[in-house]
Amino acid sequence: MYSDSPRRRPHTSTSTAHACTVPTSTVRTTSRHFHGLNYLLVVLLLGANIPTALYSLYRHEFGFTPLVQTLIFAVYVAGLLPSLLFFGPLSDALGRRFVLLAAISFSLLGTVVLAFADSTIWLFFGRIAQGIAVGACSAAGSAALIEHEPARNLRRAGLAATLTTALGASLGPLFGGAVAQYLPHALVLPYVLFALALLPALIMVLLLPAPTGGQSHPTQLFQVPHVPAPIRQVFWLSSLGVALAWGAVGLFQSVVPTWIIGLLGVSNLVVAGGAAALVMICSVTAQLVANRLGTVLCRTLGIGAVGAGMIGLLVVDFVPSLALLCVVTVIVGVGHGLSFAGAMRAVGAAAAEHAPDAQGGTLAAFFTVGYVGLAVPSICAGIAITVQGMHVAIIELAIIGAVLCGVLAVLSVRTKGGDRAEVASTVA
């Protein structure tokens, strides 16, 4: 996901000198491309998260069950994962512009399908197309940001990738909910406005410079994630924690908006979608301050906070309160951000030290586990809600989630000594 072409990977030690020797006009052009790419990532993620605020309307319109609702959410991952693994090597071989144009095309396709959907099956097709778009964009977007950052500042480019992804995921439910709540054609107009917002991004991508030099054909169009044996303990301890954190966030994106409407009697779609937005805002805020914490501490505090948030959902189910739900949302978001930042640092450092030639495959495996964690709990929630009802399902999910988080937190503390090498390499 974050790999870059070896032919064009910038050298951080010469980034300052490079910025000084590049003509001002070139720097300005590169800066425009960099900001345009940021806009593209925000808008694509915004579009992919519009349906979060509209699920209750779709259920009323098409009459599907909670299980179908969560399957519609989860099928997004079914499109995203193969796309991520396919378009990653393709962007290295054919250039970022080609893949980003493919991402925009699939995003527009999904938008058209969702805007004109007249039955439940079209929601599945639309979400699959959106998943493919985000997977393709994730595969090329971060590398493109690195290539077009004016000073070749890798830290700034990585931070931009994190912020744009979280910002788009946060704005999507708020945008979709606000348009559906206060403007006509609630299930059509959000997608029309999104398509209009995507047009400037399309123009920007068309203006990106074409790849220079001889571009080779990809030797492998589909990469199967692989984790080298020396780092498997760190990898699984970190990635399973992130999977649990993403699972909690997935509940806020698939089930909680509808749960708010039923449990708290809130009919405003902006408020319902606001929980999904708030959890991502808190996540990215936590990631920004996570550098001040040690890797193991960050990872342990993160998964502990997610577990506390799951217990908080249980409390809200028995003592319905919008204010309390907001507190729980903040806790889950902070836990997700800390868990993700600590896990990324741990896996990246371990791979750099013990398996430098397998960093790309290791990160692909890391994100694969995370995205599976995003989908599976939502599907389980849909089954439980359909069979047992919302109240019992929330109790079961909260208890299971809290127990699993507690187990991982204990394991993280007990294996602290085993992580000492990767912590030292991270600090260095």
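Visitor: Is Leu244 buried, partly exposed or exposed, and what is its relative accessible area?

Guide: This is a predicted model. Leu244 is partly exposed because its relative accessible area is 22%.

Visitor: Which helix holds Leu244, and which residues does Leu244 touch?

Guide: Leu244 sits in helix H9, residues 232-254. Not counting residues up to four places away in sequence, Leu244 touches Ile303, Val306, Leu404, Cys405 and Leu408. Leu374 is 130 residues from Leu244 in sequence, while the two C-alpha atoms are 7.9 Å apart in space.

Visitor: What share of the contacts in the chain joins residues 24 or more positions apart?

Guide: Take the contacts with a separation of 6 or more; residues 24 or more positions apart account for 85% of them. The protein chain has 16 helices and zero strands.

Visitor: How many of the residues count as buried, as a percentage?

Guide: The cut-off for buried is under 20% relative accessible area. Of the 428 residues in the protein chain, 53% count as buried. Ser107 counts as buried because its relative accessibility is 4%. Gln130 counts as buried because its relative accessibility is 2%.

Visitor: Where do Ser107 and Gln130 lie, and what is each in contact with?

Guide: Ser107 belongs to helix H5, residues 96-115. Leaving aside neighbours within four places in sequence, Ser107 is in contact with Leu44, Ala133, Phe194 and Leu198. Gln130 belongs to helix H6, residues 120-148. With neighbours within four places in sequence again left aside, Gln130 is in contact with Gly47, Ala48, Pro51, Tyr76, Gly110 and Leu114.

Visitor: Which residues make the nonpolar surface patch, and which helix gives the most to it?

Guide: A residue needs over 30% relative accessible area to be in a patch. The nonpolar patch of about 600 Å² is made by Tyr182, Leu183, Val188, Val192, Leu193, Leu196 and Leu199. Helix H8, residues 189-206, gives the most, with four residues. Val188 lies in the loop between helix H7 (154-182) and H8. Val188 is partly exposed because its relative accessible area is 31%.

Visitor: How many disulfides does the structure hold?

Guide: A disulfide needs two cysteine sulfur atoms within 2.5 Å. The structure holds zero disulfides. Cys326 is in no disulfide, and the nearest cysteine sulfur, that of Cys282, is 9.6 Å away.

Visitor: Are Cys298 and Cys326 buried or partly exposed?

Guide: Cys298 is buried because its relative accessible area is 0%. Cys326 is partly exposed because its relative accessible area is 35%.

Visitor: What is the mean pLDDT of the protein chain, and where is the pLDDT below 50?

Guide: The mean pLDDT of the protein chain is 81, and 82% of the residues reach 70 or more. Over residues 1-22 the pLDDT is below 50, and this stretch has 41 contacts in the model beyond near neighbours in sequence. Over residues 417-428 the pLDDT is also below 50, with 21 contacts beyond near neighbours in sequence.

Notes. Residues are numbered from 1 along each chain as its sequence is written. This is a predicted model: local features need pLDDT of at least 70, side-chain atom pairs count only at pLDDT 80 or more; totals for chains, interfaces and linings use all residues. Side-chain values use heavy atoms; hydrogens and water are left out. Helices (H or I, at least four residues) and strands (E, at least two) are DSSP runs, numbered from the N terminus. Buried means under 20% relative accessible area, exposed over 50%, partly exposed in between (1.4 Å probe, protein chains only). Contact means heavy atoms within 4.5 Å. Patches are made of residues with over 30% relative accessible area and no salt bridge: like charges are joined within 9 Å, nonpolar side chains (Val, Leu, Ile, Met, Phe, Trp, Tyr) within 5 Å. Accessible areas come from the Shrake-Rupley method with a 1.4 Å probe; for residues, only the protein chains shown count as cover. A salt bridge is a side-chain nitrogen of Lys or Arg within 4 Å of a carboxyl oxygen of Asp or Glu. pLDDT is the predictor's confidence in each residue, from 0 to 100.
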